[in-house]
Amino acid sequence: MGLWLRKNLFNTWYNVILTLAGLFLSLWGGLSFLDWAITQAKWAVVTENLGLFVVGRYPEQSIWRIWLILTIIAALSLFSWQLNRGRFPDCPAFLQRWWGLLWLLTLPLIAWLLLGGLFLKAIPLDDLSGLILTLLVAIASMILSFPLGVLLALGRQSELPAIRWLSIGYIELLRGLPLLGILFMAQVMLPLILPAGTRPERVIRAIAGFTLFAAAYLAENVRGGLQAIPKGQIEAARALGLKPIFVLLLIVLPQALKAVIPAIVGQFISLFKDTSLLAIVGLVDLLGMAGSVLANPKFIGDYPEVYLFLAFIYWIFCYSMSLASRRLEQR
């Protein structure tokens with residue numbers, strides 16, 4: 001440790017000065033923040049409104065559904081973590097290989113618990129708010145934009161001119177427009193192009209906007225992975241008699257997607273943070289709920305505490321996605 005410090009931080013006189021100055025500024029800033037957080041900050045604005053931040057105005061008689069959803073997610077997360085650490089060596093091989101599929105199969109169950117229907121009281125999408133709305137829009141947009149992005153990337157490399165130029169036109173057009181403009185267009189124009197009498201909820205229109213926007217960027221990320229595959233592998237697969245669809249599904253896509261995992265996850269992290277724009281189009285997401293809380297005369301002026309709390313929530317989810325992507329790369 002001492003050798004590493006001398007080699008990297010104290011090897012020259014100016015590095016010594018920079019290191020000591022950095023330590024002083026970090027210590028001074030950290031102690032000042034702790035002093036403010038402990039003695040001056042009014043965290044009551046967070047503790048008293050924690051339920052609003054998490055579930056928004058979700059019906060109180062149905063709050064048990066949220067707790068059940070959190071229990072399911074926590075159980076799956078704990079088992080996944082232990083499975084990745086090799087704590088279940090006797091677990092069947094097929095379960096270890098297809099464990100991610102179980103996460104996808106639980107999504108319909110979670111959606112049913114969240115929105116109701118069948119034997120549960122239905123809750124309109126537009127009634128959701130807070131962190132629940134943020135997660136719903138982010139997860140739905142990620143799931144929908146991924147296959148669309150892959151198809152666009154494949155279309156851009158297609159040998160058919162019509163498909164190739166349509167894919168290029170879509171990608172370049174959507175990448176040249178601001179996300180906020182696309183969200184406003186989805187809110188206003190989507191009902192106009194649908195059949196008469198069809199008016200999707202505002203949340204559905206927001207998900208459509210995020211999906212269309214994210215797919216254009218994902219397409220370019222995937223295209224980079226496709227171009228990294230040596231042509232010799234494709235030619236060898238065809239020489240063995242594999243049909244083009246199996247060459248794509250078994251040879252090309254698995255390697256291409258593996259190569260661009262960091263870029264894809266980076267796009268998903270950006271998409272999650274961009275959900276804060278929902279407040280601008282009239283939906284009360286996590287950031288919009290903060291505005292509602294701060295409008296209460298009791299908590300006027302408590303901006304630092306609220307926004308630090310929101311920043312911590314965003315950081316937790318973004319760091320979790322980054323950590324999961326690194327473990328996926330290792331596997």
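1. Sorted by class, the residues lining the second largest pocket comprise 10 nonpolar, three polar and four charged ones, where Ala, Val, Leu, Ile, Met, Phe, Trp, Tyr, Cys and Pro count as nonpolar, Asp, Glu, Lys and Arg as charged, and the others, Gly among them, as polar. The model is predicted, so that local features need pLDDT of at least 70 and side-chain atom pairs count only at pLDDT 80 or more, while totals for chains, interfaces and linings use all residues. Residues are numbered from 1 along each chain as its sequence is written, and side-chain values use heavy atoms, with hydrogens and water left out.

2. The largest share of this pocket's lining, five residues, is supplied by α13, and α11 (202-227), α12 (231-239) and α13 (244-259) each give at least two residues to the lining of the second largest pocket; helices here are DSSP runs (H or I, at least four residues), numbered from the N terminus.

3. Helix α10 (residues 179-193) contributes the largest share, five residues, of a nonpolar patch, which lies on the surface and is formed by L173, L177, M185, V188, M189, L192, I193 and L194. Patch members have over 30% relative accessible area and no salt bridge, with nonpolar side chains (Val, Leu, Ile, Met, Phe, Trp, Tyr) joined within 5 Å; a salt bridge is a side-chain nitrogen of Lys or Arg within 4 Å of a carboxyl oxygen of Asp or Glu.

4. V188, found in helix α10, is exposed, with a relative accessible area of 55%, whereas D127 is partly exposed at 43% (buried is under 20%, exposed over 50%, partly exposed in between, with a 1.4 Å probe and protein chains only).

5. D127 sits in the loop between α7 (99-115) and α8 (131-156), and although D127 and R57 are 70 residues apart in sequence, their C-alpha atoms are 7.2 Å apart in space.

How values were computed:
Patches are made of residues with over 30% relative accessible area and no salt bridge: like charges are joined within 9 Å, nonpolar side chains (Val, Leu, Ile, Met, Phe, Trp, Tyr) within 5 Å. Accessible areas come from the Shrake-Rupley method with a 1.4 Å probe; for residues, only the protein chains shown count as cover.
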